[in-house]
Each structure stands twice: as C-alpha cells, then as structure tokens.
Amino acid sequence: MFGRLRATMQRWFTPLANLLIRRGVSPDAVTIAGTVIVTVLALTLLPTGHLTLGALLIGLFVLTDSLDGVMARASGRSGPWGAFLDSTLDRVSDGAVFAGITLWFALHPQEPWAGAGTVAALACLVLGSVVPYARARAESVGATAAVGIAERSDRLVVALVPTAFVQVGLPVAVLVVVLGLLALASLVTVAQRVLTVRSQLLHTTEGA
C-alpha cells in the first residue's frame, strides 16, 4: 500500500544520507538509533495517554525507516548483515508500538471498550510477530512467502492513525475496530503464507 510513498521518501533521503555518510555516521548506527527512539517513544508516550504526540513522532520515524538502507547503498555497505539487523530491530520497534497501545488500554480501564481494545492490540502484537517469522522460516526451508495483505508499514500506519486521533475526539470504539480488523488481516496474511509455502514444498516434493 505504501510502497510508492517509501520509494519517494528514499529519493528525498538521498541528500541526508550522503551528508551523514560524510560525517562518518554508519547505516547500522542509524538503524539502532531509530529502533531505540521508536521503542522509547512507544513505551513512554502511548501508555501514559500522550497518544497524538506519540503516534505522530512514531509515524515520522516509520517514514524515515528506509534512511539506513539508502545510506548502505550509497556507501557500498549494503549486504546480508544490514538486512538482518534492520529486520531484527524492526520486530523490536513494531512490538513496542503495539505493546504501548496495549498498555494504554490496560492502564485506562475507564475508557469505553478498554477490555476489547486490550485484546485486539495484544492480538496485533502477537500476530504481527508471526507474519515476518513465517516469511523468514519459509526462506530457511527453500521457499518464498512474500505474500499477504498486512505488510509491516501497512500495519503500523493503520494502527497509528486512529491512535493519534483518539486524543482529539475520535471514539475509542473506532480504534478498537481498526485494531480488530488489523489483527484479522495479520491472521489472513499468516494463513496466506502458510498455504503458499505448503504449495511450494509439496510441488517440490512431487517433482523430485
């Protein structure tokens, strides 16, 4: 959904990437710093009710997520290590975002739909970690699973937009419904990847 936006952001980041490289900043440092900042923002601002500020700042860093990749390509340092580090730390920041939303519901039981919201956000947290795991595990057995309706950027943006507007009057029920649909989309994505890998491996076995 946001592939074109990410491509545009990558073009915009090229001057900044070149500047950071000239200053001696490594792509790994940018990856780690981004993860730390998003994690701290998610686990401090969201649970304490600063939903608009937290969602906006996190969303800003989500859009700049490709900066380290632009730097790696510009400096000739792109490779398996950078991809591994980026993918691994993405799981940390993603988990922190949905943990922050879950904690907000759990720490504010007086909010309408707080119980349902806690369950929905927790489901997003769990299923959001299974989606990339299914793809990685597929690749480890010689298959591919780059399919699904709930990619990483999609999940984060869809969750953060209603979260930002709750504090300015959006009914909490809307956020709960969005999180529920997002959890369902993640579940469908997991099923799509499982079926895709099953089909590929059975075809390989039959053709052997």
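**A helix, a core and an annotated site**

Helix 7 is mostly covered, since 11 of its 15 residues are buried, where buried means under 20% relative accessible area, exposed over 50% and partly exposed in between (1.4 Å probe, protein chains only). Helices here are DSSP runs (H or I, at least four residues), numbered from the N terminus. This is a predicted model, in which local features need pLDDT of at least 70 and side-chain atom pairs count only at pLDDT 80 or more, while totals for chains, interfaces and linings use all residues. Residues are numbered from 1 along each chain as its sequence is written, and side-chain values use heavy atoms, with hydrogens and water left out.

Among the buried residues of helix 7 are Leu 156, Ala 159 and Leu 160, but also Arg 152 and Asp 154.

Helix 7 is one of the elements that give two or more residues to the largest nonpolar core, as are helix 5 (80–107) and helix 8 (172–207); such a core is a set of buried Ala, Val, Leu, Ile, Met, Phe, Trp, Tyr and Cys residues joined through side-chain atoms within 4.5 Å. Leu 179, one of the core residues that touch the most other members, is in contact (heavy atoms within 4.5 Å) with residues including Phe 98, Ile 101, Phe 105 and Ala 159, not counting residues up to four places away in sequence.

Turning to the annotation, an unreviewed UniProt entry lists Asp 28, Ala 29, Val 30, Thr 31, Gly 69 and Arg 73 under "binding site", although such annotations may be inferred rather than shown by experiment. Asp 28 lies in helix 2 (residues 27–44) and is partly exposed, with a relative accessible area of 22%, whereas Arg 73 is found in helix 4 (residues 67–74).
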